[in-house]
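Please read the following briefing alongside the sequence and the structure, which are shown just below.

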Amino acid sequence: MFLKVMISFVLCYVVGVLPAVAEISNHHIFYRQDKRAPVTSIEIVFLGAGSKQEQPSQTGLAVAASKLIQEIAKKHGYMDKLEALGTRLNTSPRTLYHTISIYGLSEHCAESIEIVRDLIYDLEFSESDLRQIKKLMVTDYQNYLRKDPHPLMRNFVVAQTKGIKKLKSLKTLQDLSLKDIRQYYDQLLKTDVVFFKVISSLDSTEVTKLLRPITEERQRGGFVHSLKFPTTDYSVGPSAFVFNANIKSVLCQWLIPCGDISEESTISTLISDVLLDDARGLIHQYFRQELGLVYGPSCKVRWSEGVRYLYIFADPKLHNSEELIVKMSDFIRELSDNPRFWESLKERREILKVSYVHNQTPKRSLDREVSRAIYNRPTRKGGSDSVTDEDVRSFLEKFFISQNMIMVFAGPKDHITGILNTHWPEIEVHEQSTQSLIE
């Protein structure tokens, strides 16, 4: 039985993988069948919409339009009709595309699609709806600052050093007009390429027929999808951003830019897994278990507006903060010469040989396939098995250097700047207010 499960996962992955292409054909269906439950998930992806279409003076436009779609769906009864069929509706903007998705019982899929079609083509935006959405978004912005400002901090410092847009701006939000919303939505409807991500208990032929009400009525024309990202400069630092906060710890983040979202990412992902894959990761073992300097470290590969970076987080108490900051910064810069890293890399390779097949769920393999098609990201033949130690060393020597390291801290300002001035008097320190993250 275990063998059958492994083979089915592998086949599901291999059959669905497409080569990286310059453009996704219109109305293409990326599909996975999953008969474990009688449900269907459909994402309608408008490629060419999304936050990249915003002007700098329109930051938040795509999100505002998304929230307006859902608000109108509630106000005019579309949401009630879908819920009566056991179907959920969601809309979500990304950098290069905008999705309208449904998830519900397969037996009601046809009715749900017709309701969504009517919603998409009959939308009418009003000034009162826009005012209400702006109020909700202002509250959301403030909640981000109180609950989890770290994503905003990461985006802010990448915006400052790489020239991308901020995620949130109260000023541009308040200046958004109904004309802006209508123009954005009109462009969304006229996007040259609309494709579908589907996971369903139904077969692909039946799904194709069900989607015809959308594919037949959609207009063509409009702007062209284009893959253009900021040129990544690998010598922007070192720099440090300090956000004053009245807390008894120091929240520390290290950002290491290492390319853009359209580039092959096997090496950066492998390094991230070695540094922190739960309790087995080197950062967890060294900084938490052995040194006892942090409680909840993490390490991930992240993206902001197309810029890819490796992100390391640590949360030392105030009395441990200086030792942690110094040792973590040295650890990052000296990683290529750290024998423990190479031992951990060897162990991680062995784990991947066993664990890789278990990661091929229908959703994960579908997401990977679509991501490669959207971003034209090349696929490394052989995956992580093809990455040599020399490949990893070259990557570390190129990116894990002082000139490419951005440090972000939240905590008592004078305490943090004192540490920076003592150990790195040459570093450029930017003192920031957390309110600047949304202003």
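Cys258 has a relative accessibility of 2% and therefore counts as buried, where buried means under 20% relative accessible area, exposed over 50% and partly exposed in between (1.4 Å probe, protein chains only). This is a predicted model, in which local features need pLDDT of at least 70 and side-chain atom pairs count only at pLDDT 80 or more, while totals for chains, interfaces and linings use all residues. Residues are numbered from 1 along each chain as its sequence is written, and side-chain values use heavy atoms, with hydrogens and water left out.

**Cysteines**
- Cys252 is likewise buried, because its relative accessibility is 0%.
- Across the whole structure, a search finds zero disulfides, a disulfide being a pair of cysteine sulfur atoms within 2.5 Å.

- His27, which is not a glycine, has a positive phi near 70°, and His27 sits in the loop between α1 (2-16) and β1 (29-33); helices (H or I, at least four residues) and strands (E, at least two) are DSSP runs, numbered from the N terminus.
- With a relative accessible area of 26%, His27 is partly exposed.
- Glu305, also not a glycine, has a positive phi of about 50°, and Glu305 belongs to the loop between β8 (298-304) and β9 (307-314).
- Glu305 counts as buried because its relative accessibility is 15%.

**A loop residue**
- Glu334 is placed in the loop between α13 (321-333) and α14 (339-355).
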